Amino acid sequence: MFDFKKPNGAILRNATVEAARANGVSEDEIAVVLKAERKRLVSEECRRRIYAHASAEAQTNMGLAVGVIGAKTASNRTDAEVAILAGATAALGWVQAMRAANTALIEDAGTDFLDDAAWPEIPAEAAQVAASF
């Protein structure tokens, strides 16, 4: 159920696409509403998938750790710190890939955004670091 703007400017609330058509809503308006709904759903799915690996708190803690470790010279970093930096870098790259997939999936209404194959897989080192926070 969606809200559509009718040609006279009135809002048709909680209507199906069929009801919108029956009430004279233009195909362009229907397309705008359906695209906005797809954007909302795809974005929610992207967020759900990211947060499944790293909660907001884990992401904050990863960022803080990277800041602290990054302040050290490379020669003063432990092997564990080097691994955290590598995992965090991989995680950032994965989030960027997820955002790119999000944008593409919003535009491609023919692709099932709930299918795991539609999304980039998290790199193992990113998953490992995220899980440690």
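Angles of 65 to 115 degrees between axes count as roughly perpendicular. The model discussed here is predicted.

Q: How are α4 and α5 oriented to each other?
A: Helix α5 covers residues 124–132 and packs on α4 with the axes 7 Å apart. The angle between the two is about 110°, and the range 65 to 115 degrees counts as roughly perpendicular. α4 and α5 are therefore roughly perpendicular to each other.

Q: Which residues of α5 make the contact with α4?
A: α4 passes α5 in a left-handed crossing. On the α4 side the contact uses A83, I84, A86, G87, A88, A90 and A91. By class, the residues of this contact are eight nonpolar, one polar and one charged. From α5 come E125, A126 and V129.

Q: Are α2 and α4 roughly parallel or roughly antiparallel to each other?
A: The axes of α2 and α4 lie 9 Å apart, at an angle of about 160°. Angles over 145 degrees count as roughly antiparallel. α2 and α4 are therefore roughly antiparallel.

Q: How many charged residues are in the contact of α2 with α4?
A: α2 passes α4 in a right-handed crossing. The contact draws K35, R38, K39, V42, S43, C46, R49, I50 and H53 from α2, and W94, V95, M98, N102, L105, I106 and E107 from α4. Eight of the contact residues are nonpolar and three are polar, while the number of charged residues is five.

Q: What is the handedness of the crossing of α3 and α4?
A: Helix α3 spans residues 56–70 and helix α4 residues 79–107; their axes come within 10 Å and cross at roughly 130°. The two helices are therefore oblique to each other. The crossing is left-handed.

Q: Which residues of α4 meet α3?
A: The α3 side consists of M62, A65, V66 and I69. The contact of α3 with α4 holds eight nonpolar residues, no polar ones and one charged. The α4 residues that meet α3 are E81, I84, L85, A88 and A91.

Q: Which element gives the largest share of the lining of the largest pocket?
A: About 260 Å³ of space lies in this pocket. Its lining has 16 residues, with Q59, M62, A88, A91 and L92 nearest the centre. Two or more lining residues come from each of α2 (27–53), α3 and α4. The largest share, seven residues, is that of α4.

Q: How many charged residues are in the lining of the largest pocket?
A: The lining divides by class into 12 nonpolar and four polar residues. The count of charged residues is none.

Q: Which element gives the largest share of the lining of the second largest pocket?
A: This pocket has a volume of about 180 Å³. It is lined by S43, C46, R47, I50, Y51, Q59, V95, R99 and N102, and the elements giving two or more of these are α2 and α4. By class, the lining has four nonpolar, three polar and two charged residues. The largest share, five residues, comes from α2.

Q: Which residues does E29 touch, not counting residues up to four places away in sequence?
A: E29 has its place in helix α2. Its C-alpha atom is separated by 7.0 Å from that of F4, 25 residues apart along the chain. With residues up to four places away left out, E29 touches F4 and K5.

How values were computed
Residues are numbered from 1 along each chain as its sequence is written. This is a predicted model: local features need pLDDT of at least 70, side-chain atom pairs count only at pLDDT 80 or more; totals for chains, interfaces and linings use all residues. Side-chain values use heavy atoms; hydrogens and water are left out. Axes are lines fitted to C-alpha atoms, for helices over the stretch in contact, and angles run from 0 to 180 degrees between N-to-C directions. Helices (H or I, at least four residues) and strands (E, at least two) are DSSP runs, numbered from the N terminus. Angles under 35 degrees count as roughly parallel, over 145 as roughly antiparallel, 65 to 115 as roughly perpendicular and the rest as oblique. A crossing is left-handed if the near helix is turned anticlockwise from the far one by less than a right angle, and right-handed if clockwise. Contact means heavy atoms within 4.5 Å. Ala, Val, Leu, Ile, Met, Phe, Trp, Tyr, Cys and Pro count as nonpolar, Asp, Glu, Lys and Arg as charged, and the others, Gly among them, as polar. On a 1 Å grid over the protein atoms alone, a cavity is a set of points where a 1.4 Å probe fits but cannot get out, and a pocket is an open set with protein on both sides within 12 Å along at least five of seven lines; lining residues have an atom within 4 Å of a point. Grid points are joined across faces, edges and corners, and a volume is the space filled by probe spheres set on the points.
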